[in-house]
Amino acid sequence: MSAGGSPTRADSNISLFIGVIWLGFLAFPLVALWTSASHTAVKVGGTAMILAFAAAYILLFRRSTSWEHVWSRVDSIVLRYLTLMLALSIGIGWIVGLDALGLTCYFIAGSMFALPMAWSWAVALTSFAASLLIPLALGELREWAFMVGINVAIVAGTGIARFYASRAEDYQAMQRQEAVVGERERVARDVHDVLGHSLTVIALKTELAERLLDVDVKRARAELLEANELARSAIGEVRATVGGLRVRQLGEELVSARAALEEAGIVVEVVGDVGEVDPRHRILFAWALREAVTNVLRHSGARRVVVTLGPGRISILDDGAGLAGRTEGHGLRGLRERVAEAGGRLVISDGGARRGSGASGSGAAGAGTYLEVTM
């Protein structure tokens with residue numbers, strides 16, 4: 001099977017080859033036909049019907065391995081092939097008699113892989129019952145016991161194969177559903193992070209512009225223009241996020257964070273350099289920085305923030321109000337998911353316990369909040 005769960009061309013060819021192997025059983029009615037005392041025209045007509053039966057069976061098996069075929073519904077084309085095979089087998093049976101019982105194995109094998117589970121078992125068991133009850137009714141079960149045994153093996157073998165194939169199909173369907181759910185969660189998480197940060201900064205700029213209207217109209221206009229540009233940028237980021245194209249880089253996020261914090265009157269200190277960070281972790285650290293800065297701007301009332309960068313670590317410490325018993329929102333839960341998926345560790349705690357520990361370089365006064373991601 002392919003990664004997406006659909007049969008590949010090689011899978012279809014292998015399945016068709018396995019199905020065609022059963023054509024060897026057509027030797028029984030052919031031998032019976034040509035060793036009989038029937039007229040040559042009858043033998044030719046019977047041979048034509050047997051060949052038509054073989055063609056219908058091959059088409060049935062090819063249909064069961066095609067791209068369009070699914071097991072969740074009864075395929076009308078499959079029913080047509082089975083009906084044609086049934087009509088031909090009745091005609092063949094009229095010519096060769098009980099030797100036509102060799103055709104029952106084709107109904108068992110063909111239906112087991114071409115019909116929904118309940119239908120396939122119904123056809124398979126009916127075919128098996130015919131191979132058992134017809135000789136029994138005619139008193140010739142002893143001579144046809146080998147065919148009954150063959151059909152028992154075919155029912156058991158194809159039934160087991162169908163069971164595991166159905167389980168594999170269910171597992172692939174579950175994987176596809178999980179992929180859809182995962183993509184929805186990714187989009188929801190990314191959109192939340194994009195809009196949460198951008199709307200917070202826009203709100204700060206518009207509030208500042210409102211205060212400046214009576215004092216410095218030119219500066220107020222500049223703030224409103226910046227808020228408008230940020231809104232347009234956020235729209236572009238949301239579109240890119242939904243399309244799965246958005247990649248946030250640590251360097252640009254650090255510049256954006258510093259500008260937003262300083263705009264709010266918060267002093268920013270950066271310990272370390274983006275170049276020191278392992279390139280494999282920079283995108284994740286950019287998301288961590290964005291979420292931390294968004295929370296500082298929204299909730300903390302901080303006057304100072306210290307960002308510390310290392311090869312496999314980023315920490316953000318502020319001197320604001322601290323956690324104050326607040327529960328984690330969607331942003332922090334999304335960040336936890338990102339860090340866990342990357343195999344890292346996220347720590348969020350009151351910043352007071354970190355003062356003087358060297359966790360933030362020069363430290364920050366006050367209780368505050370400490371967020372750290374380590375890989």
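Leaving aside neighbours within four places in sequence, with which residues is Ala227 in contact? In this predicted model, in which residues are numbered from 1 along each chain as its sequence is written, local features need pLDDT of at least 70 and side-chain atom pairs count only at pLDDT 80 or more, while totals for chains, interfaces and linings use all residues. Side-chain values use heavy atoms, with hydrogens and water left out. Under these conditions, Ala227 is in contact (heavy atoms within 4.5 Å) with Ile202, Lys205 and Thr206, its neighbours within four places in sequence being left aside.

Ala227 is found in helix α8, residues 217-242, helices here being DSSP runs of H or I of at least four residues and strands runs of E of at least two, both numbered from the N terminus. At 5% relative accessibility Ala227 counts as buried, where buried means under 20% relative accessible area, exposed over 50% and partly exposed in between, with a 1.4 Å probe and protein chains only. The C-alpha atoms of Ala227 and Leu204, which stand 23 residues apart along the chain, are separated by 8.9 Å. Thr206, one of the contacts of Ala227, has its place in helix α7 and is partly exposed, with a relative accessible area of 33%. When residues up to four places away in sequence are not counted, Thr206 touches Leu224 and Ala227, and from C-alpha to C-alpha it is 8.4 Å from Ala220, a residue 14 positions away in sequence.

For the protein chain as a whole, the secondary structure comes to eleven helices and five strands, and 42% of the 375 residues count as buried. Among contacts with a separation of 6 or more, 71% are accounted for by residues 24 or more positions apart.

In soluble globular proteins, nonpolar side chains tend to be buried together. Met85, with its neighbours within four places in sequence left aside, is in contact with Phe53, Ala56, Tyr57, Leu60, Tyr106 and Phe107.

Six aromatic pairs are present in the structure, a pair being formed by rings of Phe, Tyr and Trp (its six-membered ring) whose centres lie within 6.5 Å, with planes under 30 degrees apart counted as stacked, over 60 as edge-to-face and the rest as tilted. Phe163 and Tyr164 form an edge-to-face pair, 5.2 Å centre to centre and with 75° between the planes; Phe163 counts as partly exposed at 40% relative accessibility, and Tyr164 as exposed at 55%. Ring pairs also link Phe53, Tyr57, Phe61, Tyr106 and Phe107 into a cluster. Arg338 lies over the face of Trp287, at 3.8 Å from the ring centre, the criterion being NZ of Lys or CZ of Arg within 6 Å of the ring centre and within 35 degrees of the ring normal.

The structure holds seven salt bridges, each defined as a side-chain nitrogen of Lys or Arg within 4 Å of a carboxyl oxygen of Asp or Glu. In one of them, Glu253 is joined to Arg290, with the closest N and O atoms 3.2 Å apart. Because Glu253 lies in helix α9 (residues 250-263) and Arg290 in helix α10 (residues 282-300), the pair ties together parts that are 37 residues apart in sequence; Glu253 and Arg290 are both buried. The side chains of Glu372 and Arg313 meet in another salt bridge, at 2.5 Å from N to O, and this pair links distant parts of the chain, Glu372 being in strand β5 (residues 369-374) and Arg313 in strand β3 (residues 313-318), 59 residues apart. Glu372 is buried, with a relative accessible area of 10%, whereas Arg313 is partly exposed, at 23%. A salt bridge is also formed by Arg280 and Asp278 (2.7 Å, N to O), in which Arg280 is exposed, with a relative accessible area of 69%.
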